[in-house]
Amino acid sequence: MKHDAHLQAKTLGIGKAIAVLTSGGDAQGMNAAVRAVVRVGLYTGAKVFFVHEGYQGLVDGGDNIKEANWGSVSMIVQLGGTVIGSARCKDFLERPGRLQAACNLVKLGITNLCVIGGDGSLTGADTFRAEWSSLLADLQKEGKITEEEAKKSSYLNIVGLVGSIDNDFCGTDMTIGTDSALHRIIEIVDAITTTAQSHQRTFVLEVMGRHCGYLALITSIACGADWVFVPECPPDDDWEDHLCRRLTETRCRGSRLNIIIVAEGAIDRHGKPITSENIKDLVMKRLGYDTRVTVLGHVQRGGTPSAFDRILGSRMGMEAVMALLEGTPDTPACVVTLSGNQAVRLPLMECVQVTKDVTRAMQNKKFDEAMKLRGRSFQNNWDVYTRLAHVKAPTISQVKNVVAVMNVGAPAAGMNAAVRSSVRIGLIQGNQVLVVHDGFEGLAKGQIEEVGWTYVGGWTGQGGAKLGTKRTLPKKLFKEISANITKFKIQGLIIIGGFEAYTGALELMEGRAKFEELCIPYVVIPATVSNNVPGSDFSIGADTALNAICMTCDRLKQSAEGTKRRVFIIETMGGYCGYLATMAGLAAGADAAYIFEEPFNIHDLQANVEHLVQKMKTTVKRGLIVRNEKCNENYTTDFIFNLYSEEGKGIFDSRKNVLGHMQQGGSPSPFDRNFATKMGAKAMTWISTKIQENVRNGRVFANSPDSACVLGMRRRALIFQPLSDLKEETDFEHRIPREQWWMKIRPLLKILAKYDTDLDTTDHAHLEHIKRMSVESASP
């Protein structure tokens, strides 16, 4: 069965033609999608055409519709915007315009259309498809096309990809461009924070989002803003008093700045706009604070796409080609969306309808309904924001539980954000929260202190691990650890870290048999650049590392543009886990990514060198090879560099770069800030419940498997999984999970690098319905 699927993929497009267009507002990552559609289309044997300038190009025809080849999408994956152009098109809204567009497609034999754009663009595509038969009949009547041409193009397949920085399309967790827009916003917020602190200022930042507050909401979580205004959830009528009270309290606690985030479409309960200038005047008049407004505008649309958007665009592009080529006259026009980390196909008009329903609900002031229609992902983010927006923890006479929070393993960007949300949610719940410095070693030495609300102020955007972190495992320290658990009355433990956090928690669990003090609930929050913790598809810190690698690869590729004929060999971190090498390879457009999970031999290396020799004969005169640090003990980075240098003599130069610890540094990406904040909040809520469930005669005794868990993202949800269940799934020698979801993406990397490889289509998305999409998601 699988082998048939392979053969089918390679021949699926023979005799077919696909056109790709980008329409509406541009979004970073569109180029990655265009590149994937072109290259995967060519791989299947189909002809692929660019439609320049969106629907306008479709109507005007001529040179606007050009056949694409492999080289025409080279070096575009790292560019912002869209290289094939986008335009708002009035002609296509009228039937004569669509008639002309249909004629242009029929003449070129194109019956598959991939539209990358927002809901307006996708609605236009659906109308076009619905009218197709009648348009052909009219064209035949007018003598513009022959009967045979009409028969050949009897139906039109349409697949949409959502490109929009606002993330305003229902049915997908993330639209192409949203993550990059968040990167632009957070860069600016971080920069503004430093100047605001110097002058004790209040800053009002206005971000895009006319009908959708997603960017504003995630920004406020990612920078710990004092207040956020979003169109879906207007503030109460007395918001002015509440806002001023909140700002004053923040200042009284010793903070030197206030940050207020406003979506451009923010309104009050009566539908009246709330502008950034309104807010500035209010704060200056009532509180006398020095207040400045920054309107971010089109900056958010610009710049390089983030690693997330490049991978999203590439995966969606491949899925779009498969959906088009598998389409029949009976399949509805579909849109390829993201749920958790799964590609999903949904009927296009169902999604457009729900998206329109949200706007209608807001116009009718049914704000609760608008929030529900936005989906679980949006609601979860809103809940986390509102819970953390308390300025001071409630004063509770009696402490409910005592929970300790710690970091273990190597530092990862986002660890501090997870600590911050754990601490604050713990305090809101009435717990006493302790922090442990320097991992299990600190737990043994008693480096433990009680912390309050302000202790973790401003931690969200800080890289590294402020609590200190060590790789030491607890097994040899059970005695001291048990003594300190008793001394500090610790009833639950949140362990934020990588593979050592996982193995350390397993050791604690096994130690329960000998040490009764270890019979308390634990939860592990995966945080490591390697993304190698069993039980979670993503770990905190991996996204930041991926962006750091991509940035370096972009610069190296750019440097090769001048010299030509140069191959760069990059070594990434990750231990034995090939996640960073594979994903960076996909995001940066690498020719090969060597990893431990996919063994390779000298023949494979030889084939890769030969592939590059052939590539240098084309217009593309540069190569990029990514190698995971422990992919093979004998084929080291030096060995591969020497091999390529020798075999490429006279054809290309080779250069090598070992990226090293820069992958662990830097301030966390928006994804990692948001993911860490949600994980921390969820972990603390779970542990409080577990402590209460396991109280016996006034003390905590937790010995069941489900009282020691890993909190991870699996496919489409954040779930708690008992450590004992995950043991079976772990390769302890190489510190990786036995099954890794991203291995299924590797064929895409090879296809995009022009290898004649097999593509397993058995795991591809099937059409679902949007009503079933209300599953909790962890995408930011």
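**A parallel sheet, its packing helices and the nonpolar cores**

An open sheet of four strands, paired in parallel, has the order E18-E19-E17-E20. Strands E18 (592-594) and E20 (653-658) stand at the edges with a single partner strand each, so one side of each is left without a neighbour in the sheet. Between neighbouring strands the turn is 20 degrees on average, direction ignored. The structure is a predicted model. Strands of a sheet pair through backbone hydrogen bonds, in either parallel or antiparallel fashion. Here strand E17 (residues 566-572) and E20 run parallel and are joined by six bridges. Glu571 has Val658 in E20 as its bridge partner.

Two helices were found to pack on this sheet. Helix H22 (residues 637-647) touches E17, E18, E19 and E20, and its direction makes about 165 degrees with that of E20. Helix H20 touches E17, E18 and strand E19 (622-628). The direction of H20 makes about 165 degrees with that of E19.

H20 (residues 579-588) also packs against helix H11 (residues 307-326), at an angle of about 80 degrees and with the axes 8 Å apart. Because angles of 65 to 115 degrees count as roughly perpendicular, H11 and H20 are therefore roughly perpendicular to each other. From H11, the residues Ala307, Arg310, Ile311 and Ser314 meet Met583, Leu586, Ala587 and Ala588 of H20. By class, this contact of H11 with H20 comprises six nonpolar residues, one polar and one charged.

In soluble globular proteins, nonpolar side chains tend to be buried together. The largest nonpolar core of the model has 182 residues. Leu161, Leu443, Ile494, Ile495, Ile496, Tyr522 and Tyr579 are those with the most contacts inside this core. H11 contributes the largest share of the core, twelve residues. Not counting residues up to four places away in sequence, Ile494 touches Val403, Ala404, Val405, Met406, Ser422, Val523, Ile525, Ala683, Met684 and Ile687. Another core, of 40 residues, lies apart from the largest one and includes Val51, Leu58, Trp132 and Ala150.

With neighbours within four places in sequence left aside, His611 is in contact with Ala753, Lys754 and Tyr755.

Notes
Residues are numbered from 1 along each chain as its sequence is written. This is a predicted model: local features need pLDDT of at least 70, side-chain atom pairs count only at pLDDT 80 or more; totals for chains, interfaces and linings use all residues. Side-chain values use heavy atoms; hydrogens and water are left out. Axes are lines fitted to C-alpha atoms, for helices over the stretch in contact, and angles run from 0 to 180 degrees between N-to-C directions. Angles under 35 degrees count as roughly parallel, over 145 as roughly antiparallel, 65 to 115 as roughly perpendicular and the rest as oblique. Contact means heavy atoms within 4.5 Å. Ala, Val, Leu, Ile, Met, Phe, Trp, Tyr, Cys and Pro count as nonpolar, Asp, Glu, Lys and Arg as charged, and the others, Gly among them, as polar. Two strands pair if DSSP finds at least two bridges between them. A nonpolar core is a set of buried Ala, Val, Leu, Ile, Met, Phe, Trp, Tyr and Cys residues joined through side-chain atoms within 4.5 Å. Buried means under 20% relative accessible area, exposed over 50%, partly exposed in between (1.4 Å probe, protein chains only).
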